[in-house]
Amino acid sequence: MLLRIEDTDRQRSTDAAIAAILDGLSWLGLDWDGEPISQFARMDRHAEVAWQLVESGHAYRCYASQEELAEMRETARAEGRPPRYDGRWRDRDPSEAPEGVKPVIRIKAPQDGETVIEDHVQGRVTFPNRDLDDFIILRSDGTPTYMLAVVVDDHDMGVTHVIRGDDHLTNAARQGIIYEALGWQVPQWAHIPLIHGPDGAKLSKRHGALGVEAYRAMGYLPEALRNYLARLGWGHGDEEIFSSEQATEWFDLDAIGKGAARFDFVKLQNLNGHYIRQADDERLVADMLKILPEMETPPAFPAELSAAQRSQLMQLMPGLKERAKTLVELANNAAFLFAARPLTLDTKAEGLLDADARRRLGLLRDALGHCAWETEPLEAAVRTLAESEGVKLGKLAQPLRAALTGSTSSPGIFDVMLALGREETLARIGDQASAA
């Protein structure tokens, strides 16, 4: 895999923008071979090819002024035609050029017939050549246009297949003219539909048209994002979950659909939840801690976890990851471990702690104070109290969960008690019991 940074637009191609591309690809696990290639650094090569086309008679100098071009556009608009350059310098001798005007270089596009694109996704597409005017390939300041730069770079880099959005379909017709003029092999084309939002409208930031770093900050795993993106508009039977190795083995251009794919955050979250459940606990802890500073509203974790705190987190990770669809959810669900006493309870948890529940918590604190701190004796103590109070286990376990975690959802309550330890568990129960 070769990586080319198309950085000829110098205002947009800042060091930060390029770093974001490299960081994003690296995080996604899409690694490239060799050094990234800068299109801007190859401008001399692009200009060389433009002048080669002039010498071979396939391109020419154009001295039309901005005023003349504006007049052409106005005339075309008045006549109901698309704005096209009228070819006025196509066959004129450069000796007629006005003084002091630097020319642009335009390709000599065919003026009749049609250009045919055989596309792996769109099928056979034809363009009347009258619609493909003599477009600019080299600006008057000597910089190449996109049309020329990508053709030269693709040829020099040995690109055989060009796969891109279907908004570039007309570009394929124009670029094909340059390939033909140079006698170079035209690559195979595959113009894939653009991605839309769940409502069928063009993808926007509201839908998910965000930079890769945003998905990392939202707690998605790279393997989940790779899987989801591969599945957008392409499929292998009914397979929804597959590794990158499987995608590489199965992928076929002709299996890409013509219809626009729809980006669905719910599907992405469910897929991410699958990958979180499958992930190694150590890796999840490391990834979660790494993105804490990037989260929009990070939970209150210690600045640096002690060995004991990390051990607590690892102890509960099997239960925590079963309930999380993103690393952000995972962090929020784990935050109770490090919360300062007395805990702030969410609305649902607060609703569980009526006077009766708080009274039972007081009894439970006394009963647990004499227990060996292991699952079986802890569970036996809770069950015994529930029986003596004549209530179901949940009537005691749910208020207990609220007291220990501040919420109504958590890993198994006895796992939570073991992770918090005797002293902290009894103290948190006592906080709520004494609030009766």
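My entries on this predicted model follow.

**Domains.** I started with how the chain is divided. The domain assignment gives me domain 1 (39–192), domain 2 (212–335) and domain 3 (347–432). I then checked how far apart the C-alpha centres of domain 1 and domain 2 lie, and got 43 Å. Their contact takes seven residues from domain 1 and five residues from domain 2. Between them, domain 1 and domain 2 bury about 550 Å², and 65% of that is on carbon and sulfur atoms. Which residues of domain 1 lose the most area to domain 2? I found His-120, Val-121 and Gln-122, which together make up 67% of what the domain 1 side buries.

**Second largest pocket.** Next I looked up the second largest pocket, which holds about 410 Å³ of space. I get 21 lining residues for this pocket, and Asn-332, Asn-333, Ala-335, Phe-336 and Thr-405 are the ones that lie nearest its centre. By type, the lining divides into eleven nonpolar, nine polar and one charged. Where does the second largest pocket lie relative to the domains? Domain 2 (212–335) and domain 3 (347–432) both give residues to the lining, so I place the pocket between them.

**Cysteines.** Last, I went looking for disulfides. With the cut-off for a pair of cysteine sulfur atoms set within 2.5 Å, my count comes to zero disulfides. Are Cys-62 and Cys-371 buried or exposed? Buried means under 20% relative accessible area, so Cys-62 counts as buried at 3%, and Cys-371 counts as buried at 12%.

Definitions and conventions. Residues numbered from 1 in each chain as written. Predicted model: local features only at pLDDT ≥ 70, side-chain atom pairs only at ≥ 80, totals over all residues. Heavy atoms only, no water. Buried < 20%, exposed > 50% of the residue type's maximum accessible area, 1.4 Å probe, protein only. 1 Å grid on protein atoms, 1.4 Å probe; cavity = no way out; pocket = protein on both sides within 12 Å on 5 of 7 lines; lining within 4 Å. Points joined across faces, edges and corners; volume = space filled by probe spheres on them. Nonpolar A, V, L, I, M, F, W, Y, C, P; charged D, E, K, R; others polar. Domains from an automatic or database assignment. Contact = heavy atoms within 4.5 Å. Buried area = accessible area lost by both parts, 1.4 Å probe.
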